[in-house]
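Let's walk through this model together, from the whole chain down to a few side chains. Keep the sequence and the 3D view side by side as you read.

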Amino acid sequence: MRLERALSAAARRIEPAIGRLLSVEPVRRVLHARALRAWRATDEPLIVCYGNINRSPFAEQLARRRAAASPTSAGLYAKADRPSPP
């Protein structure tokens, strides 16, 4: 439990820097191309987001439109009874 708290605190501290890095256009292009290659390489994509409230379930339903796709969605922030944001 102590390690989990320490890792969460560290992640919160570096999150702004990561966000800035991910907003740089060349980085975005590379990540987009990588995601497309991964998407095309499987019929069973796992779509993961932080909270799994809206983004990954929505993406899972979009993925179901692909022929022969069996997607699954998941979240990394498990908290019971957390409502979807407006």
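**The chain as a whole**

Of the 86 residues in the chain, 12% count as buried, where buried means under 20% relative accessible area, exposed over 50% and partly exposed in between, with a 1.4 Å probe and protein chains only. Please bear in mind that this is a predicted model, in which local features need pLDDT of at least 70 and side-chain atom pairs count only at pLDDT 80 or more, while totals for chains, interfaces and linings use all residues. Residues are numbered from 1 along each chain as its sequence is written, and side-chain values use heavy atoms, with hydrogens and water left out.

The radius of gyration, taken over C-alpha atoms, is 16 Å. A compact globule of 86 residues would have a value near 12 Å, by the rule of 2.2 Å times the number of residues to the power 0.38. Along the principal axes, the C-alpha atoms fill a box of roughly 45 × 35 × 30 Å.

The secondary structure comprises 3 helices and 2 strands, arranged along the sequence as α-α-β-α-β. These are DSSP runs numbered from the N terminus, helices being H or I with at least four residues and strands E with at least two.

Now turn to contacts, meaning heavy atoms within 4.5 Å. Among those between residues at least 6 apart in sequence, 58% join residues at least 24 apart.

Helix H3 spans residues 55-63, and its buried residues are Ser 56, Glu 60 and Ala 63. Looking down the axis of H3, you will find them within an arc of 65°, so they line one face of the helix; the arc is that of the directions from the helix axis to the C-beta atoms. Their cover includes H2, strand S1 (46-49) and strand S2 (72-75). On the other side of H3, Arg 55 and Phe 58 are exposed.

**Charged pairs**

Side chains of opposite charge can pair when their charged atoms come close. How many salt bridges does the structure hold? There are 2, each a side-chain nitrogen of Lys or Arg within 4 Å of a carboxyl oxygen of Asp or Glu.

Glu 60 is buried at 13% relative accessibility, whereas Arg 64 is partly exposed at 41%.

The other salt bridge joins Arg 29 to Glu 25, with the closest N and O atoms 3.8 Å apart. Both residues lie in helix H2 (residues 25-40), 4 residues apart, about one turn of the helix. Glu 25 is partly exposed, with a relative accessible area of 44%.
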